[in-house]
Amino acid sequence: MDDPVQPHTAEPRPRRRDRHGRGMRGPVAPPQVPLSASRAEVFTDLVQDSVERLERRWPQLSEIEFLVLEVPALGRSGAGSNGDDDWSEDVVPLGGTIEAADGRPARVVIYRRPVEIRTKGREDRAALVHEVVVEQVAELLGLSPESVDPRYGED
């Protein structure tokens, strides 16, 4: 029992992931495979697809910035242009608009997490994203959602 415990040294321990001589583990999927896309990237692609679909009918949308944010800022809708900036715990906005001002273009904001929470699959999410984009564009242009996209509200 004269063998004292050796103090921990600051040297890094050797990596032991190559236990069976097959080399270090690589990524699960190559970067070009959709599996490697994050949920945020997939969501941004859904918003972009919706915007491109609407731009065919409304070319002036190319002058509007479309933003994806995780969640709305606490205590305000984050992008409300109609003065209804307060929201409660019961109602969380899915999107909002910011009017053009000071040389900055108008903006449409889509909140990713509230939309994701309300949907189950990719198709359901894509449909809700498109509805939110249509509603926000309609608000910004001062039109009804049905006039922005005639298929609005159809399931």
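## A pair in the sheet

Leucine 67 stands opposite valine 109 in β3. On the other side of the pairing list, glycine 96 also stands opposite valine 109 in β3. Valine 68 has isoleucine 110 of β3 as its bridge partner.

The structure is a predicted model, in which local features need pLDDT of at least 70 and side-chain atom pairs count only at pLDDT 80 or more, while totals for chains, interfaces and linings use all residues. Residues are numbered from 1 along each chain as its sequence is written, and side-chain values use heavy atoms, with hydrogens and water left out.

## Overall make-up

The protein has four helices and three strands. Helices (H or I, at least four residues) and strands (E, at least two) are DSSP runs, numbered from the N terminus. Read from the N terminus, the order of elements is α-β-β-β-α-α-α.

Of the 155 residues in the protein, 28% are buried. Buried means under 20% relative accessible area, exposed means over 50%, and partly exposed lies in between (1.4 Å probe, protein chains only). The accessible surface is about 11,300 Å², and carbon and sulfur atoms account for 50% of that surface. Such areas come from the Shrake-Rupley method with a 1.4 Å probe; for residues, only the protein chains shown count as cover.

Contact means heavy atoms within 4.5 Å. Among contacts between residues at least 6 apart in sequence, 55% join residues at least 24 apart.

## The sheet

The three strands form an open sheet in the order β1-β3-β2, with mixed pairing. β1 and β2 are at the edges with a single partner strand each, so one side of each has no neighbour in the sheet. From one strand to the next, the twist averages 20°.

Two strands pair if DSSP finds at least two bridges between them. Strand β1 (residues 65-69) pairs with β3 in the parallel sense over five bridges. Strand β2 (residues 95-98) runs antiparallel to β3, and four bridges join these two strands. β3 is mostly covered, with four of its five residues buried.

## Helices across the sheet

Helix α1 lies across β1 and β3 and runs at about 155° to β1. Helix α3 lies across β1, β2 and β3, at about 25° to β2. For these angles, axes are lines fitted to C-alpha atoms, for helices over the stretch in contact, and the values run from 0 to 180 degrees between N-to-C directions.

## The nonpolar core

A nonpolar core is a set of buried Ala, Val, Leu, Ile, Met, Phe, Trp, Tyr and Cys residues joined through side-chain atoms within 4.5 Å. The largest one has 23 residues, of which Ile110 and Val133 touch the most other members. Elements giving two or more residues to this core are α1 (39-55), β3 (107-111) and α3 (122-141). The most come from α3, which gives eight residues.

## Arginine 112

Arginine 112 lies in helix α2 (residues 112-117). Arginine 112 counts as buried because its relative accessibility is 8%. Its side chain is joined to that of glutamate 116 by a polar contact of 2.9 Å. A polar contact is a pair of N or O atoms within 3.5 Å; within protein, one must be able to donate a hydrogen and the other to accept it, and residues adjacent in sequence count only if both atoms are side-chain atoms.

Leaving aside neighbours within four places in sequence, arginine 112 is in contact with Arg39, Ala40, Phe43, Val68, Leu69 and Glu70.
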